[in-house]
Amino acid sequence: MHENLIDVRDLKKYYPVTGGVFRRRIADVKAVDGVDLAMRKGECLGLVGESGCGKTTLGKTILRLQTATAGRIYFGQDGGKVEEVEAMLHSADAQARARAGAMLKGMDLNRMSGRNLLALRQRIQIVFQDPTNSLDPRMLVKHIVAEPLTAQRLVKTRDVDARVRELLGIVGLTADHLMRYPHEFSGGQRQRIAIARALATNPQFILMDEPTSALDVSVQAQILNLLKRLQEEFRLTYLFVTHHLLVVKYISNRIAVMYLGRIAEMGPTAEIFARPLHPYTKALLSAIPVPDPETKREKIILTGDVPNPINPPAGCRFHPRCAHVREICRTVEPQLESVDGGERKVACHRWREL
């Protein structure tokens, strides 16, 4: 049995659309719309999809950087207790539902506040896409890396400098870099500083929001190798958000494919690449360039545009662009179901036929 560090249930994040003279709420942008996702301790889960599908919003909502509209986010909870609370929430007994609601205040990251939330902040961190924007240009490196330590009061004042030097050494920098500003570093070095800052609180979970997309290819490889080493050394759990499929193939244990606010397919990385089941996953994989001019691969060109998240299509959200659409796809929304009882999951009415 795998022990889950994070268990997300029916997570939704809507952004209001206002209009009229009084700026009333007239619609919602459904950035994340009913996502179920579990992340195991010590694994790297890759989250892929087109730009605008809700990948980064999902990650930031899990970290409580954005407040979820609905849903539950269990962090570090016993699986049996999670299932017990979920059963109570869906019970016909009003008293059971009330007890579950009270229990969620100490279990659900979306409902935590005060000391509980502050303590949990030490265990979750993020590395942003562009280190140029995520590092304060007016702060020295020593102060950037020390900020989480002082904010959380994790070490005594006299020990802060030693801890900062240790963190810089872990990510491949030296004490010579302490008294410099971010603009004095290359892109790869700035990202190493951001990683050192994320490690400062000894987290269990780190959201990697496209941490290599702004870097040169050679530097990307160095950062990816660093992230893999740190994951093994500190038993970290990553949610790796990216649109680069070869990067996610290299670093991830499992992959979740996202489309228009929902998970379309999920499973072990090797199985997803060897036998994609969802038509959208197949289209994404067919776009990977092959570094051999003699090898020809059939590319799947998707027709039409990504639907408007304010008014997503009825039924399967992918059906307006799917070449295998049938009437059931237009009317009934497919649920994420297990494939042959295994850990592969797919949300498609016709995956057995494709």
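Hi everyone, one term before we start: I call two residues in contact when they have heavy atoms within 4.5 Å. Helices (H or I, at least four residues) and strands (E, at least two) are DSSP runs, numbered from the N terminus.

A word on where this comes from. This is a predicted model, where local features need pLDDT of at least 70 and side-chain atom pairs count only at pLDDT 80 or more, while totals for chains, interfaces and linings use all residues. Residues are numbered from 1 along each chain as its sequence is written, and side-chain values use heavy atoms, with hydrogens and water left out.

Let's begin with a helix pair. In H6, Val141, Ile144, Val145 and Pro148 meet Ile193, Ala196 and Arg197 of H8.

Now, the cores. A nonpolar core is a set of buried Ala, Val, Leu, Ile, Met, Phe, Trp, Tyr and Cys residues joined through side-chain atoms within 4.5 Å, and buried means under 20% relative accessible area with a 1.4 Å probe, protein chains only. The largest such core has 39 residues, and Ile195 and Leu199 have the most contacts inside it. Helices H6, H7 and H8 are among the elements that each supply at least two of its residues. Which residues does isoleucine 195 touch, leaving aside neighbours within four places in sequence? They are Val127, Val171, Ile223, Leu226, Leu227 and Leu230. A second, separate core of 31 residues includes Leu11, Leu63, Ile124 and Leu239.

On to the sheets, where strands pair if DSSP finds at least two bridges between them. Eight strands make an open, mixed sheet in the order E5-E6-E7-E3-E8-E9-E11-E10. E5 (124-127) and E10 (337-338) stand at the edges with a single partner strand each, so one side of each has no neighbour in the sheet. E5 runs parallel to E6 (205-209), joined by four bridges, and glutamine 125 faces isoleucine 206 of E6. Helix H9 (217-234) packs on this sheet, touching E3, E6 and E7, and its direction makes about 155° with that of E7.

Finally, an open sheet of three strands has the order E2-E1-E4, with antiparallel pairing. Five bridges join E1 (4-19) to E4, with lysine 12 opposite alanine 70 in E4.

Notes. Axes are lines fitted to C-alpha atoms, for helices over the stretch in contact, and angles run from 0 to 180 degrees between N-to-C directions. Buried means under 20% relative accessible area, exposed over 50%, partly exposed in between (1.4 Å probe, protein chains only).
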